[in-house]
Amino acid sequence: MSAFDGTQGFDTATDTATDTETGGDEGGGLSGFVPEGYLLVWEDDFEGPEIDSENWVVASLRDPLSGDLVPGAVGDHLLNYHYAGYITEEDSFIEEGALVLRNQKRSYQGQSPVGSFDYTSGWVMSMHRIFFNKGYVEVRAQFPSGDKVWPALWLISEELQWCPEWDMWEYFGFRDDLESPYDNMGTHLCYDAWPDQKWKSNFLSSFDLLYDCEAWHLYGFEWTETEARWFLDGALVHTVSASSLGANQDLWPDEDMYIVLNNGQRSASPDENTLWPNALKIDFIRLYQKGNSDSGAL
Ligand SMILES: [Ca+2]
(Lines give C-alpha, C1' and ligand atoms only; values in the text may rest on other atoms or scores of the structure.)
Protein backbone atom coordinates (compact mmCIF):
# COMPACT_ATOMS: atom_id res chain seq x y z
CA MET A 1 0.00 0.00 0.00
CA SER A 2 1.31 3.39 -0.90
CA ALA A 3 0.54 6.97 -0.04
CA PHE A 4 -2.82 8.37 -1.01
CA ASP A 5 -2.25 11.21 -3.41
CA GLY A 6 -5.73 11.44 -4.85
CA THR A 7 -4.71 10.17 -8.28
CA GLN A 8 -5.11 6.45 -7.89
CA GLY A 9 -8.76 6.03 -8.75
CA PHE A 10 -9.94 4.18 -5.68
CA ASP A 11 -13.08 2.21 -6.36
CA THR A 12 -14.57 3.54 -3.17
CA ALA A 13 -14.59 7.07 -4.54
CA THR A 14 -18.37 7.04 -4.85
CA ASP A 15 -18.63 7.16 -1.08
CA THR A 16 -19.28 10.77 -0.25
CA ALA A 17 -19.98 13.04 2.65
CA THR A 18 -23.52 11.69 2.71
CA ASP A 19 -22.31 8.18 3.53
CA THR A 20 -24.48 6.90 6.36
CA GLU A 21 -23.29 3.33 6.54
CA THR A 22 -23.47 2.00 10.05
CA GLY A 23 -20.52 0.22 11.48
CA GLY A 24 -21.71 -1.46 14.63
CA ASP A 25 -24.59 -2.82 16.59
CA GLU A 26 -24.81 -0.78 19.76
CA GLY A 27 -24.68 2.71 21.18
CA GLY A 28 -24.90 6.11 19.59
CA GLY A 29 -23.02 7.65 16.74
CA LEU A 30 -24.06 5.07 14.19
CA SER A 31 -24.06 7.47 11.27
CA GLY A 32 -20.80 8.51 9.76
CA PHE A 33 -19.96 12.20 9.89
CA VAL A 34 -17.65 13.59 7.25
CA PRO A 35 -16.96 17.24 6.41
CA GLU A 36 -18.02 18.48 2.99
CA GLY A 37 -15.92 17.63 -0.01
CA TYR A 38 -14.17 14.51 1.20
CA LEU A 39 -14.04 11.09 -0.45
CA LEU A 40 -13.34 7.80 1.25
CA VAL A 41 -9.88 6.54 0.23
CA TRP A 42 -9.24 3.77 2.78
CA GLU A 43 -10.94 1.99 5.64
CA ASP A 44 -10.55 -0.94 7.97
CA ASP A 45 -13.72 -2.29 9.55
CA PHE A 46 -11.92 -4.97 11.56
CA GLU A 47 -14.29 -7.71 10.52
CA GLY A 48 -11.48 -10.23 11.02
CA PRO A 49 -10.82 -12.91 11.91
CA GLU A 50 -7.25 -11.57 12.03
CA ILE A 51 -5.87 -8.03 12.05
CA ASP A 52 -5.00 -7.20 8.43
CA SER A 53 -1.21 -7.17 8.12
CA GLU A 54 -1.50 -5.23 4.85
CA ASN A 55 -2.69 -2.34 7.00
CA TRP A 56 -1.03 -2.85 10.35
CA VAL A 57 2.13 -3.82 12.17
CA VAL A 58 0.65 -5.72 15.12
CA ALA A 59 1.94 -5.48 18.69
CA SER A 60 5.35 -4.17 17.75
CA LEU A 61 7.04 -0.80 17.39
CA ARG A 62 9.27 -2.30 14.71
CA ASP A 63 8.10 -2.84 11.14
CA PRO A 64 9.13 -6.45 10.44
CA LEU A 65 9.65 -5.78 6.71
CA SER A 66 11.96 -2.76 6.86
CA GLY A 67 13.28 -3.25 10.39
CA ASP A 68 12.41 0.37 11.12
CA LEU A 69 11.59 1.24 14.72
CA VAL A 70 9.37 4.05 15.99
CA PRO A 71 11.70 6.95 16.84
CA GLY A 72 12.55 7.08 20.52
CA ALA A 73 11.32 3.57 21.32
CA VAL A 74 13.26 1.79 24.06
CA GLY A 75 12.52 -1.61 22.53
CA ASP A 76 10.25 -3.38 20.09
CA HIS A 77 7.47 -3.53 22.69
CA LEU A 78 7.74 -0.32 24.71
CA LEU A 79 7.78 3.28 23.54
CA ASN A 80 9.28 4.64 26.75
CA TYR A 81 9.06 4.22 30.48
CA HIS A 82 6.23 6.72 30.84
CA TYR A 83 4.26 3.65 29.73
CA ALA A 84 3.93 0.80 32.24
CA GLY A 85 2.68 -1.87 29.84
CA TYR A 86 4.72 -4.22 27.67
CA ILE A 87 3.03 -4.54 24.27
CA THR A 88 1.92 -8.07 23.39
CA GLU A 89 0.21 -9.85 20.52
CA GLU A 90 -2.34 -11.48 22.80
CA ASP A 91 -3.56 -8.00 23.80
CA SER A 92 -4.07 -6.97 20.15
CA PHE A 93 -6.91 -8.84 18.41
CA ILE A 94 -10.26 -8.70 16.67
CA GLU A 95 -13.48 -9.62 18.44
CA GLU A 96 -17.07 -9.16 17.26
CA GLY A 97 -16.10 -6.90 14.39
CA ALA A 98 -13.90 -4.56 16.39
CA LEU A 99 -10.19 -4.16 16.96
CA VAL A 100 -9.57 -4.79 20.65
CA LEU A 101 -6.46 -3.28 22.23
CA ARG A 102 -6.44 -4.67 25.74
CA ASN A 103 -4.76 -3.61 28.94
CA GLN A 104 -4.02 -6.32 31.46
CA LYS A 105 -2.54 -6.18 34.95
CA ARG A 106 -0.29 -9.20 35.20
CA SER A 107 3.35 -10.15 35.71
CA TYR A 108 5.16 -10.34 32.40
CA GLN A 109 8.77 -10.89 31.46
CA GLY A 110 9.67 -8.70 28.50
CA GLN A 111 12.43 -9.41 25.98
CA SER A 112 12.64 -6.06 24.12
CA PRO A 113 13.26 -4.23 26.33
CA VAL A 114 14.31 -6.91 28.78
CA GLY A 115 12.58 -6.48 32.08
CA SER A 116 9.75 -7.42 34.41
CA PHE A 117 6.45 -5.66 33.80
CA ASP A 118 3.28 -5.40 35.87
CA TYR A 119 1.04 -4.62 32.90
CA THR A 120 0.64 -5.51 29.22
CA SER A 121 -1.03 -3.57 26.39
CA GLY A 122 -2.27 -3.75 22.81
CA TRP A 123 -0.82 -1.71 19.92
CA VAL A 124 -1.12 -1.51 16.13
CA MET A 125 0.50 0.95 13.75
CA SER A 126 0.37 1.48 10.00
CA MET A 127 4.05 2.43 9.47
CA HIS A 128 5.00 2.08 5.75
CA ARG A 129 1.54 0.64 5.01
CA ILE A 130 -1.10 3.32 5.37
CA PHE A 131 0.19 6.88 5.39
CA PHE A 132 -1.13 10.17 4.12
CA ASN A 133 -0.56 13.90 4.01
CA LYS A 134 -3.77 15.68 5.12
CA GLY A 135 -7.29 14.38 5.18
CA TYR A 136 -10.09 13.46 7.53
CA VAL A 137 -9.82 10.44 9.81
CA GLU A 138 -12.89 9.05 11.48
CA VAL A 139 -12.73 6.34 14.14
CA ARG A 140 -15.71 4.72 15.83
CA ALA A 141 -14.35 3.73 19.20
CA GLN A 142 -14.93 2.91 22.82
CA PHE A 143 -12.25 4.14 25.19
CA PRO A 144 -11.42 2.61 28.57
CA SER A 145 -11.53 4.73 31.72
CA GLY A 146 -9.93 4.52 35.15
CA ASP A 147 -6.92 6.33 36.58
CA LYS A 148 -4.24 4.13 35.04
CA VAL A 149 -5.32 4.12 31.40
CA TRP A 150 -3.56 6.00 28.59
CA PRO A 151 -5.10 5.01 25.23
CA ALA A 152 -4.64 7.03 22.05
CA LEU A 153 -5.32 7.38 18.33
CA TRP A 154 -2.39 9.31 16.81
CA LEU A 155 -0.25 10.09 13.78
CA ILE A 156 3.53 10.25 13.40
CA SER A 157 5.86 10.82 10.50
CA GLU A 158 6.76 8.30 7.82
CA GLU A 159 10.16 10.00 7.76
CA LEU A 160 10.85 8.42 11.16
CA GLN A 161 11.46 11.76 12.75
CA TRP A 162 9.70 12.99 15.89
CA CYS A 163 7.98 15.38 15.75
CA PRO A 164 5.55 16.07 14.03
CA GLU A 165 2.85 14.22 15.91
CA TRP A 166 -0.91 14.64 15.79
CA ASP A 167 -2.64 13.38 18.87
CA MET A 168 -5.98 12.90 17.23
CA TRP A 169 -7.45 11.60 20.49
CA GLU A 170 -5.32 10.84 23.54
CA TYR A 171 -7.05 9.97 26.80
CA PHE A 172 -5.51 10.22 30.24
CA GLY A 173 -7.47 8.55 33.03
CA PHE A 174 -5.54 10.58 35.57
CA ARG A 175 -3.51 13.77 35.49
CA ASP A 176 -2.25 14.95 38.82
CA ASP A 177 -1.88 18.45 37.40
CA LEU A 178 -5.67 18.73 37.09
CA GLU A 179 -8.58 19.31 39.41
CA SER A 180 -10.73 16.28 40.26
CA PRO A 181 -12.00 14.20 38.45
CA TYR A 182 -8.55 14.36 36.91
CA ASP A 183 -9.20 12.81 33.52
CA ASN A 184 -9.06 14.42 30.11
CA MET A 185 -9.04 13.77 26.38
CA GLY A 186 -6.11 15.44 24.68
CA THR A 187 -6.20 16.84 21.14
CA HIS A 188 -2.66 17.98 20.45
CA LEU A 189 -0.17 18.97 17.81
CA CYS A 190 3.54 18.45 18.39
CA TYR A 191 5.74 20.20 15.84
CA ASP A 192 9.39 20.89 15.19
CA ALA A 193 11.95 18.13 15.67
CA TRP A 194 13.23 16.59 18.88
CA PRO A 195 14.86 17.97 21.01
CA ASP A 196 13.21 21.24 19.97
CA GLN A 197 9.67 19.85 19.83
CA LYS A 198 6.86 22.25 20.68
CA TRP A 199 3.25 21.56 21.62
CA LYS A 200 -0.10 23.10 20.80
CA SER A 201 -1.96 21.23 23.50
CA ASN A 202 -5.65 21.09 24.27
CA PHE A 203 -7.53 19.07 26.86
CA LEU A 204 -11.21 18.18 27.03
CA SER A 205 -11.50 17.96 30.81
CA SER A 206 -13.73 15.54 32.73
CA PHE A 207 -14.18 13.65 29.49
CA ASP A 208 -15.53 10.45 31.03
CA LEU A 209 -18.11 12.33 33.10
CA LEU A 210 -19.27 14.40 30.13
CA TYR A 211 -19.13 11.82 27.36
CA ASP A 212 -18.75 8.35 28.93
CA CYS A 213 -15.55 6.80 27.61
CA GLU A 214 -17.06 3.33 27.29
CA ALA A 215 -19.87 4.53 25.01
CA TRP A 216 -19.35 4.29 21.27
CA HIS A 217 -18.38 7.65 19.84
CA LEU A 218 -17.28 8.91 16.46
CA TYR A 219 -13.85 10.46 16.86
CA GLY A 220 -13.12 12.69 13.86
CA PHE A 221 -9.92 14.55 13.01
CA GLU A 222 -9.45 16.83 10.01
CA TRP A 223 -5.99 18.01 8.91
CA THR A 224 -5.80 20.62 6.15
CA GLU A 225 -3.13 22.98 4.87
CA THR A 226 -4.30 25.72 7.22
CA GLU A 227 -6.21 24.12 10.08
CA ALA A 228 -6.84 21.02 12.14
CA ARG A 229 -10.30 20.31 13.52
CA TRP A 230 -11.52 17.72 16.00
CA PHE A 231 -15.10 16.46 15.77
CA LEU A 232 -16.77 14.38 18.48
CA ASP A 233 -19.90 12.67 17.17
CA GLY A 234 -19.92 15.29 14.44
CA ALA A 235 -19.65 18.30 16.76
CA LEU A 236 -16.60 20.53 16.41
CA VAL A 237 -14.77 20.49 19.77
CA HIS A 238 -11.37 21.96 18.93
CA THR A 239 -9.53 23.83 16.18
CA VAL A 240 -5.85 24.67 15.68
CA SER A 241 -4.72 26.93 12.87
CA ALA A 242 -1.36 26.96 11.15
CA SER A 243 -1.24 30.71 11.70
CA SER A 244 -1.35 30.10 15.45
CA LEU A 245 2.21 28.78 15.17
CA GLY A 246 3.30 32.33 14.38
CA ALA A 247 6.90 32.47 13.20
CA ASN A 248 6.88 28.65 13.12
CA GLN A 249 4.04 28.44 10.65
CA ASP A 250 6.32 26.69 8.15
CA LEU A 251 6.51 23.80 10.62
CA TRP A 252 2.82 22.97 10.17
CA PRO A 253 2.79 19.25 9.29
CA ASP A 254 3.09 18.79 5.53
CA GLU A 255 4.35 15.24 5.09
CA ASP A 256 3.19 11.65 5.05
CA MET A 257 2.16 10.39 8.46
CA TYR A 258 1.03 6.96 9.65
CA ILE A 259 -1.48 5.85 12.25
CA VAL A 260 -0.89 4.46 15.73
CA LEU A 261 -3.76 2.97 17.73
CA ASN A 262 -2.79 1.87 21.21
CA ASN A 263 -4.00 1.24 24.68
CA GLY A 264 -1.61 1.82 27.54
CA GLN A 265 -1.06 2.48 31.20
CA ARG A 266 0.69 5.53 32.55
CA SER A 267 3.53 4.67 34.90
CA ALA A 268 2.99 7.77 37.04
CA SER A 269 -0.75 7.21 37.54
CA PRO A 270 -2.43 5.20 40.33
CA ASP A 271 -4.55 2.21 39.38
CA GLU A 272 -6.88 1.76 42.34
CA ASN A 273 -10.09 2.55 40.49
CA THR A 274 -9.06 0.97 37.19
CA LEU A 275 -10.86 -2.15 36.01
CA TRP A 276 -8.74 -4.98 34.60
CA PRO A 277 -8.64 -5.97 31.91
CA ASN A 278 -9.85 -2.92 29.99
CA ALA A 279 -9.90 -2.19 26.28
CA LEU A 280 -9.75 0.42 23.59
CA LYS A 281 -12.21 -0.93 21.00
CA ILE A 282 -12.31 0.29 17.42
CA ASP A 283 -15.26 -0.63 15.22
CA PHE A 284 -13.79 1.07 12.16
CA ILE A 285 -11.24 3.61 11.00
CA ARG A 286 -11.83 5.52 7.77
CA LEU A 287 -9.59 7.90 5.87
CA TYR A 288 -11.09 10.55 3.62
CA GLN A 289 -9.35 13.05 1.39
CA LYS A 290 -10.54 16.01 -0.62
CA GLY A 291 -11.88 15.01 -4.02
CA ASN A 292 -9.41 17.10 -5.96
CA SER A 293 -9.90 16.24 -9.62
CA ASP A 294 -7.11 18.22 -11.23
CA SER A 295 -4.12 18.88 -9.01
CA GLY A 296 -3.45 15.40 -7.71
CA ALA A 297 -1.41 15.48 -4.56
CA LEU A 298 -3.21 16.80 -1.52
CA1 LIG B 1 -16.34 -3.21 12.54
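## Where to start

Where does Pro 49 lie? Pro 49 sits in the loop between strand 1 and strand 2 (57–58). Here, helices (H or I, at least four residues) and strands (E, at least two) are DSSP runs, numbered from the N terminus. Before we look further, keep in mind that this is a predicted model: local features need pLDDT of at least 70, side-chain atom pairs count only at pLDDT 80 or more, and totals for chains, interfaces and linings use all residues. Residues are numbered from 1 along each chain as its sequence is written.

## The whole chain

Of its 298 residues, 46% are buried. A residue is called buried if 20 or more other C-beta atoms lie within 10 Å of its own, exposed if 12 or fewer, and partly exposed in between, with C-beta atoms placed from the backbone.

Now for contacts: two residues are in contact if their C-beta atoms, placed from the backbone, lie within 7 Å. Take the contacts in the protein chain with a separation of 6 or more, and 69% of them are between residues 24 or more positions apart.

12 of its 13 residues are buried, so strand 19 is largely enclosed by the rest of the structure.

Who pairs with it? Two strands pair if DSSP finds at least two bridges between them. Strand 1 (residues 38–44) runs antiparallel to strand 19, with six bridges, and Leu 39 stands opposite Gln 289 there. Strand 5 (residues 98–111) is also antiparallel to strand 19, joined by five bridges; Arg 102 has Ala 279 as its bridge partner. Strand 9 (residues 135–142) is linked to strand 19 by seven bridges, again antiparallel, and Val 137 faces Leu 287.

## The largest nonpolar core

A nonpolar core is a set of buried Ala, Val, Leu, Ile, Met, Phe, Trp, Tyr and Cys residues joined through C-beta atoms within 7 Å. The largest one here has 74 residues, and those touching the most other members are Leu 99, Met 125, Met 168, Tyr 171, Tyr 258 and Ile 282.

Let's zoom in on Ile 282. Leaving aside neighbours within four places in sequence, Ile 282 is in contact with Phe 46, Ala 98, Leu 99, Val 139, Ala 141 and Leu 261.

Most residues other than glycine have a negative phi, and most peptide bonds are trans. Phe 46 has a positive phi of about 55° although it is not a glycine. You'll find Phe 46 in the loop between strand 1 and strand 2, and it counts as buried because it has 24 C-beta neighbours inside 10 Å. Ala 59 has a positive phi too, near 60°. Its place is the loop between strand 2 and strand 3 (85–87).

As for cis peptide bonds, one runs from Gly 48 to Pro 49, with omega near 10°. Another joins Trp 276 and Pro 277, with omega about -15°. Pro 277 lies in the loop between strand 18 (257–262) and strand 19.

## A stop at Val 237

Val 237 is part of strand 17 (residues 235–241). Val 237 counts as partly exposed because it has 15 C-beta neighbours inside 10 Å. Leaving aside neighbours within four places in sequence, Val 237 is in contact with Leu 204, Trp 230, Phe 231 and Leu 232. Leu 204 is 33 residues away from Val 237 along the chain, yet their C-alpha atoms are separated by 8.4 Å.
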